[in-house]
Amino acid sequence: MFFALTEDQREFDAAVRGYLADRFDLEAVRAVVEDPSGDGHPASLWKAAAEQGWLAVLVPEEHDGLGLGLVEAQVIARALGAGVAPGPWRGTVLAAEAIRLAGSDEQRAAWLPRLAGGDAVGALTLRGSVPGTLPAVEYGEIADVVVARSADGLALVEGASAVRQGSYDGSVRLAAVEAAEGQALPGATAEVIDELAARATVLVAADLVGIAREAISRTVAYDRERQQFGVPVGSFQAIKHALADLHIGVTMAEHAALYAAHAVDGGSADAPLAVSVAKAKASDVAIGATAAMIQYHGGIGYTWEHEAHFYYKRAKRLAGQFGDADAHRARIADLTMR
């Protein structure tokens, strides 16, 4: 079977990447990174996310969404990873997914159109529990609604106080959210929470493979131009072979993330395995590719002025979200050796 993105999905990918290249490039990212006191939520990027349907991708059409699937959502996640783009896109999409999967009709009607249209910012965390402190919530300080675990499953939290927390990845803002109470999502069974976690894991894996591919592409382009002993450094076997190995790893991770999205969307029996394979591969190759980006750019790759650290820090942060590579390899062993 030939398995690849459709023409429409490729056009969606090109639209996201085109916007970032033309309207929110690495200089715009740097402005966010170098303003640690800011909220990390650029208004222009958020407006584009709403207008171009990035936020509405998984929301059903009856709630003003596009009604598309996780395959299309991972296309966006991959493009945002490649652009190391800041902002609460993933948290908002996942909060909407939690409400779609587990919310009441009233909760869906109240929140899904707002989240799809960019009129509300969402966040999702599966760490901590309501009531209590929810640690390291992405954009928890500005979120209009946070979806979190509770004793009964999942809860919607509104108006909670938040204390900003530091992050070595300047393209995100984290906060500890003090959630005194929340509104239960009535359909939040253990199976629904597992599916929500799988969807979140796929989107993080897609972000990671976007980071990895861009890191390799930039490194190859640089090493074709950089001269040493009168020849491009990319012609040296030690570099050439290492980059070739990384290219293979990134390609495999890209296919794994794409298949995992397809498997989760289709409710395939092998979806849990596919998700763990995707996350393990994506975590490994993103860290490897971004570390190589720093090294193979020579001295400039270690400087603050170069963009390599944006990619490396984002990769290091996301590699541990929703299970690191070791945790997912252990899960793969459990799923395949029963």
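# Close-up views of a predicted model

**View 1. Four strands, in the order β1-β3-β4-β7, make up an open sheet with mixed pairing.** The structure shown is a predicted model. The edges of the sheet are β1 and β7 (183–184), and each has a single partner strand, so one side of each is left without a neighbour in the sheet. Helix α5 (residues 89–102) packs on this sheet and touches β1, β3 and β4. The direction of α5 makes about 75° with that of β1.

**View 2. Strand β3 (residues 145–150) is mostly covered, with five of its six residues buried.** With strand β1 (residues 122–124), β3 pairs in the parallel sense over three bridges. Within this pair, Ala 123 has Val 146 of β3 as its bridge partner. Towards strand β4 (residues 153–157), β3 runs antiparallel, and five bridges join the two. A hairpin of two residues leads from β3 to β4.

**View 3. Strands β4 and β7 run antiparallel and are joined by two bridges.** Leu 156 has Gln 183 in β7 as its bridge partner. As one of the edge strands, β7 has a single partner strand in the sheet. In general, the strands of a sheet pair through backbone hydrogen bonds, in either the parallel or the antiparallel sense.

**View 4. A further open sheet is formed by three strands in the order β2-β6-β5, with antiparallel pairing.** Its edge strands, β2 and β5, each pair on one side only. On average, neighbouring strands of this sheet are turned by 25° against each other, direction ignored.

**View 5. Strand β6 (residues 174–179) is mostly covered: five of its six residues are buried.** Strand β2 (residues 132–138) runs antiparallel to β6 and is joined to β6 by five bridges. Along this pair, Thr 133 stands opposite Glu 178 in β6, and Val 137 stands opposite Ala 175 in β6. Strand β5 (residues 161–165) is likewise antiparallel to β6, with five bridges joining the two. Here Ser 161 stands opposite Glu 178 in β6.

**View 6. The largest nonpolar core has 106 residues.** Within this core, the residues with the most contacts are Trp 54 and Trp 89. Helix α7 (residues 190–225) gives the most to the core, with 16 residues. With its neighbours within four places in sequence left aside, Trp 89 is in contact with Trp 46, Trp 54, Leu 55, Ala 73, Ile 76, Ala 77, Leu 80 and Leu 203.

**View 7. Ile 76 is found in helix α4 (residues 70–82).** Is Ile 76 buried or exposed? Its relative accessibility is 0%, so Ile 76 counts as buried; the cut-off for buried is under 20%. Which residues is Ile 76 in contact with, leaving aside its neighbours within four places in sequence? They are Phe 12, Val 16, Trp 54, Val 57 and Trp 89. Val 57 lies 19 residues from Ile 76 along the chain, and the C-alpha atoms of these two residues are separated by 9.1 Å. Trp 54 and Trp 89, both in contact with Ile 76, are the residues with the most contacts inside the largest nonpolar core.

**View 8. The axes of helix α2 (residues 26–33) and helix α10 (residues 308–319) cross at roughly 65° and come within 11 Å.** The crossing of these helices is left-handed. On the α2 side, the contact is made by Leu 26, Val 29, Arg 30 and Val 33, and on the α10 side by His 309, Phe 310 and Tyr 311. By class, the contact has five nonpolar, one polar and one charged residues. In general, two packed helices are described by the angle between their axes and the distance between the axes.

Technical notes: Residues are numbered from 1 along each chain as its sequence is written. This is a predicted model: local features need pLDDT of at least 70, side-chain atom pairs count only at pLDDT 80 or more; totals for chains, interfaces and linings use all residues. Side-chain values use heavy atoms; hydrogens and water are left out. Buried means under 20% relative accessible area, exposed over 50%, partly exposed in between (1.4 Å probe, protein chains only). Two strands pair if DSSP finds at least two bridges between them. Contact means heavy atoms within 4.5 Å. Axes are lines fitted to C-alpha atoms, for helices over the stretch in contact, and angles run from 0 to 180 degrees between N-to-C directions. A crossing is left-handed if the near helix is turned anticlockwise from the far one by less than a right angle, and right-handed if clockwise. Ala, Val, Leu, Ile, Met, Phe, Trp, Tyr, Cys and Pro count as nonpolar, Asp, Glu, Lys and Arg as charged, and the others, Gly among them, as polar. A nonpolar core is a set of buried Ala, Val, Leu, Ile, Met, Phe, Trp, Tyr and Cys residues joined through side-chain atoms within 4.5 Å.
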